[in-house]
Amino acid sequence: MREDDPSGTGGERRPAEETVELGVELLAHLEHAELSLGDVVDRIETITTDPAITREILDTAEMRGIIAREDGIVRPLSGAYVSFESDVIQREGEFTCRRCGASISTGHFMKFDAAEHGPFGSSCIRKVTGRE
Ligand SMILES: [Zn+2]
């Protein structure tokens with residue numbers, strides 16, 4: 001008997017295309033003016049740790065004009081950043097933060113068209129969206 005695995009190998013039950021869509025949406029919602037590629041990958045890692053899918057997320061986002069990449073710097077172009085009132089929902093319960101693995105009692109979820117992404121703790125949701 002195994003506990004379900006909320007933090008472990010990370011959401012691999014999603015089909016790859018859906019993971020890519022979710023990743024692209026995450027990039028479309030970043031509030032940063034620019035980010036290092038490493039910081040972007042850090043955020044994508046909340047969705048997938050598969051390097052091939054990570055690359056596909058970046059390529060797809062660039063192809064759609066959501067980000068521009070230059071010399072290891074990523075600039076989000078879409079400006080469709082997350083509005084906390086409408087795009088982040090909170091749920092009470094026992095959650096494990098997808099980013100840092102902490103136990104949290106309030107889960108923050110980003111609501112995208114493709115899926116919900118979370119849960120995150122209150123500080124990690126700000127990190128992921130760029131509201132540090
Ligand atoms: Zn966290």
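Two strands count as paired if DSSP finds at least two bridges between them, and in general the strands of a sheet pair through backbone hydrogen bonds, either parallel or antiparallel. Residues are numbered from 1 along each chain as its sequence is written. Because the model is predicted, local features need pLDDT of at least 70 and side-chain atom pairs count only at pLDDT 80 or more, while totals for chains, interfaces and linings use all residues.

Stay with this pair and click on Lys-111, which stands opposite Glu-116 in strand 6. Next, select Pro-119, which also has its place in strand 6, and look at the bond that joins Gly-118 to Pro-119, a cis peptide bond with omega about 0°.

Strand 1 meets strand 3 in the antiparallel sense over two bridges, and Leu-35 has Val-74 in strand 3 as its bridge partner. Strand 2 and strand 3 pair in the antiparallel sense over four bridges, with Glu-70 and Ile-73 as bridge partners.

Zoom in on the loop between strand 2 (67-70) and strand 3 (73-76), where Asp-71 is found. The hairpin of these strands has two residues between them, and Asp-71 has a positive phi of about 45° although it is not a glycine.

Turn next to helix 1 (residues 16-28) and helix 3 (residues 51-63), which pack at an angle of about 55° with their axes 9 Å apart; the axes are lines fitted to C-alpha atoms, for helices over the stretch in contact, and angles run from 0 to 180 degrees between N-to-C directions. Helix 1 is therefore oblique to helix 3, since angles under 35 degrees count as roughly parallel, over 145 as roughly antiparallel, 65 to 115 as roughly perpendicular and the rest as oblique.

To see where they touch, show Ala-16, Thr-19, Val-20, Gly-23, Val-24 and Leu-27 in helix 1, which meet Ile-53, Glu-56, Ile-57, Thr-60 and Ala-61 in helix 3; two residues are in contact if their C-beta atoms, placed from the backbone, lie within 7 Å. The residues of this contact divide into seven nonpolar, three polar and one charged, where Ala, Val, Leu, Ile, Met, Phe, Trp, Tyr, Cys and Pro count as nonpolar, Asp, Glu, Lys and Arg as charged, and the others, Gly among them, as polar.

Finally, colour the protein chain by pLDDT, the predictor's confidence in each residue from 0 to 100. The mean pLDDT of the chain is 84, and 82% of its residues reach 70 or more. Confidence is highest in helix 3, at a mean of 95, and lowest in helix 4 (residues 84-87), at 63.
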